[in-house]
2 protein chains.
Amino acid sequence: VTLQRPFEALLPRVYELRDLSGVVQVLTWDQETYLPKKAMAARGAQLTTLQGLYHERLVDPRLGDLLESASAERTLGEDERALLREVKRERDRAVKIPERLVRALADAQTEGLSAWRQAREENRFARMAPALTHLLLLRREEADACAVSPERYDALLDRFEPGMNVARLGPILKRLADRLVPAVQKIADRGPPQKEPWEERSFDVEKQWTFTLELLAAMGFDLEAGRQDRSIHPFTSASHSTDVRLTTRLDAAQPLSAFFSTLHEGGHGLYEQGFDAVLARTPLAQGASMGLHESQSRLWENQVGRSRAFWQHFLPRLRGVFPEQLNGVDVDGFYRAINRVQPSLIRTEADEVTYNLHIILRFELEVSLLRGTLRVEDLPEAWNDGMQRLLGVRPSTDVEGVLQDIHWSYGEFGYFPTYTLGNLYSASLFMAARKAMPRCVEDISRGQLSPLLSFLRQNIHRHGMRTTAEERVQAVTGKGLTDEDFVTYLREKFGELYGLEL
Amino acid sequence: VTLQRPFEALLPRVYELRDLSGVVQVLTWDQETYLPKKAMAARGAQLTTLQGLYHERLVDPRLGDLLESASAERTLGEDERALLREVKRERDRAVKIPERLVRALADAQTEGLSAWRQAREENRFARMAPALTHLLLLRREEADACAVSPERYDALLDRFEPGMNVARLGPILKRLADRLVPAVQKIADRGPPQKEPWEERSFDVEKQWTFTLELLAAMGFDLEAGRQDRSIHPFTSASHSTDVRLTTRLDAAQPLSAFFSTLHEGGHGLYEQGFDAVLARTPLAQGASMGLHESQSRLWENQVGRSRAFWQHFLPRLRGVFPEQLNGVDVDGFYRAINRVQPSLIRTEADEVTYNLHIILRFELEVSLLRGTLRVEDLPEAWNDGMQRLLGVRPSTDVEGVLQDIHWSYGEFGYFPTYTLGNLYSASLFMAARKAMPRCVEDISRGQLSPLLSFLRQNIHRHGMRTTAEERVQAVTGKGLTDEDFVTYLREKFGELYGLEL
């Protein structure tokens, strides 16, 4: 008779939880792609049932016992310790947050979303202020229940970026803003950019589709362990590293939207496909954080996809697909068109230089809201002042300002910074890749993307959630989170593009 | 304070179970349509986890207590009593079958499927005989554990056709065979049928697809509460009456396959879309039996879709889609082509007249196997003798004979008769529809299918599993299960087609 190790007795419970969350991924993917219109309510009930079962199994005292026994083992391997850490982290949080608060939050989210839609229709923030105040109250309560530090915001940030906190992140974002604001000002002084004639033309969506599949193949995305579909808002949904589903958006008037969406989601998808097989069906088979996940999408979308080298190879191919529309367009002109900089009001339309200022604004406001130093009623004014200060533009209505994002309407505080973390990490990682592989950019200019993928596989993807994001980046770059590499990247790229000292 | 009725306390458990089985439906649909190739193993694990949870919740003693309390209520409505009956029926069976047997069956099914594939490759039944013997042993054990009657087969049949048994079904199938055998003989004496030239032409699959969607729309299938996709083997999968998914098969060389598959699956789909909304998320929101389900698919495929009236309206439309391929083809010629009769070796290729003889053979053999009066080793010989006796043809190899169907390879005994029950019920129900609506066939000949759908909605679909299949049919036709209507239908239709007294 072989005695089962306590750790092994725990595993079926871990697999079960992971399978359940994988199923939730498939169902939400289905909801955004193929679900019949009238089935929304039925799907909602199915998801609620699955999430209820998941929560019930997660807080089950028997799981607590199994975790305790397994943790007491003396001979645990490194992956085993990491696995225990992650299961405990998730379980502790679920146990600490009272059932009553979970239900109140779910109700407040529904109410908040509906108030946000109404407020946008009326273009009047005051319409959603009461719902937002209520959500904020509940999130404060949640933060206090988890209490990872005296800074309330940390408990919310920790959900998306384990190990990160305001004390570490705040100063970095502050310095980033100090460097970006004058750079943006210098570029804005050049006056508004002009569109090229080809950008006004129509691009057949079926041909766009074929080209996006070519991009995915070139990136090394395995279409036998994943797929691409169409949806209104592009997203990535993975139920397992062999089942990674991306979507892209097709619009005849905006072909660039499809290409960059595919590169972006493809970057997320490569991370999901790259976890070591030994981590499958455990919480270690996921990105180390939302920020590190975003670093992978941004790396492919921006560091690679908005580079001159990339289009040296792919523009001739794209011209082959759209010979009439792109007649006479050369790499320099195309490169300039996909890298235009202009301070604007809407985050999702922002370029690489201005984007992070939108995030920094949101981060500052969120921290103040959580601290209680900013009142919800004063949010629109604080928003507009911040836009003026950071970007030099001022929204004239709430829809162009504080009402533009969906996140706060369902109480999602702490998520926004992960976008900027993604940008910062992506610059550091791509710089490390170029250092490790001097021919990296030359390879890209010949459409050879597999050396870069191998570098990311080896250094980022395969490790999943074994360590925090910053520990992983530190292991690759030697320096953890920094704005230096990103600022260097921007100064070189846009300094050259605009003939300016940024 | 309002006291909750015990029945209401039970409902969340019922909803949860139904949601879980709905999720399994979506995942199996996904598996056959969009699942990436390499994700088969991960999906298998997810399904096993869900099915394990389902079983655990079903046999949970707390559910037993809730059922008992609810059943003791004095003021239960009719639907409530039916719901209790169905939950208990399913739970009792699950409780009676020991966990050990469930696991042994699952293993034996895997083994059986693999042995069947191997046996087909070698064209040698003996290769799968041991696995089949083992499966049979386990199914006997299962039947004895449930013990619905002294006839072992009844316990297996009951899974698919609640309330039906050998004592009732056997004599009806016997009489049906007695009537079909000479009819088939008379038609066979006319010699082998000839294919028309148009049947050798190629039909663009995209145009076939468009035409199948037109058929679904004409039937009244709601494409906002369901969808159609492509797969190798057509099937219907419903997770809720607002989410009913069909597939069809597209093959340029066999357009009829797509059209009749769509009509067939569309018939299943209409049943699933038609349950009273009040039954949603309960086991009453499903077909009363597999046989009654099959009656709906057969009614649309054969009674309607292989009628002259139907093609009076739809052939001109089909000619509009395929003007070159169908040039000069008239309704009479087309009607004859889709109703050719010929005794053949393979069930799935059989016509309406010979089809049920294939089923009767399987039913006889299954009952004998369960009774122990037929040994597995003697199955090929018994099969071939039966084919000779019933259809006048004799397989020369096992692949053309006893190895042709997948069902037995995973121990699915008791399912085959539901195909014939579907054919018998479909004839009785269509006859009742024509009697209730004298203009029914005329409506069909003008493409007006909605009166027929209303009749089925009102008399069959909406009731779901409130009663047994036969009780429901009895309520509509006044006579329950009979072969009379089906035989009358065949004699009229094929007597006219072949100019014979059948």
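The model is predicted, so local features need pLDDT of at least 70 and side-chain atom pairs count only at pLDDT 80 or more, while totals for chains, interfaces and linings use all residues. Residues are numbered from 1 along each chain as its sequence is written, chains are lettered from A and ligands numbered from 1 in the order in which they are written, and side-chain values use heavy atoms, with hydrogens and water left out.

Start with the two chains. Chain A puts 35 residues in contact with 35 residues of chain B, where contact means heavy atoms within 4.5 Å. Between chain A and chain B about 3000 Å² is buried, and carbon and sulfur atoms give 58% of that area. On the chain A side, A:Lys38, A:Gln46 and A:Glu224 lose the most area to chain B, together 19% of what that side buries. Buried area here is the accessible area (1.4 Å probe) that two parts lose on being put together, summed over both.

Rolling a probe the size of a water molecule over the atoms shows where empty space is left. A cavity is a set of points, on a 1 Å grid over the protein atoms alone, where a 1.4 Å probe fits but cannot get out; lining residues have an atom within 4 Å of a point. Grid points are joined across faces, edges and corners, and a volume is the space filled by probe spheres set on the points. The structure has 5 cavities of 30 Å³ or more.

The largest cavity holds about 80 Å³ of space. Its lining includes A:Trp116, A:Trp383 and A:Trp408, along with A:Asp405 and A:His407. By class, this lining has 8 nonpolar, 3 polar and 1 charged residues. In this scheme Ala, Val, Leu, Ile, Met, Phe, Trp, Tyr, Cys and Pro count as nonpolar, Asp, Glu, Lys and Arg as charged, and the others, Gly among them, as polar.

The second largest cavity holds about 70 Å³. Among the residues that line it are A:Arg179, A:Ala183, A:Val353 and A:Arg491. Helices α8 (166-188) and α20 (484-498) of chain A each supply at least two residues of this lining; helices (H or I, at least four residues) and strands (E, at least two) are DSSP runs, numbered from the N terminus. The class count for this lining is 6 nonpolar, no polar and 2 charged residues.

Helix α20 of chain A also contains A:Leu497. This leucine is buried, with a relative accessible area of 18%; buried means under 20%, exposed over 50% and partly exposed in between (1.4 Å probe, protein chains only). Apart from neighbours within four places in sequence, A:Leu497 is in contact with A:Tyr335, A:Arg336 and A:Asn339.

Two loop residues remain. A:Asn123 is not a glycine, yet has a positive phi of about 50 degrees. A:Asn123 lies between α5 (99-122) and α6 (129-146) of chain A and is partly exposed at 33%. A:Arg281, also not a glycine, has a positive phi of about 65 degrees. A:Arg281 sits in the loop between α10 (255-273) and α11 (290-304) of chain A and, at 26% relative accessibility, is partly exposed.

Conventions: On a 1 Å grid over the protein atoms alone, a cavity is a set of points where a 1.4 Å probe fits but cannot get out, and a pocket is an open set with protein on both sides within 12 Å along at least five of seven lines; lining residues have an atom within 4 Å of a point.
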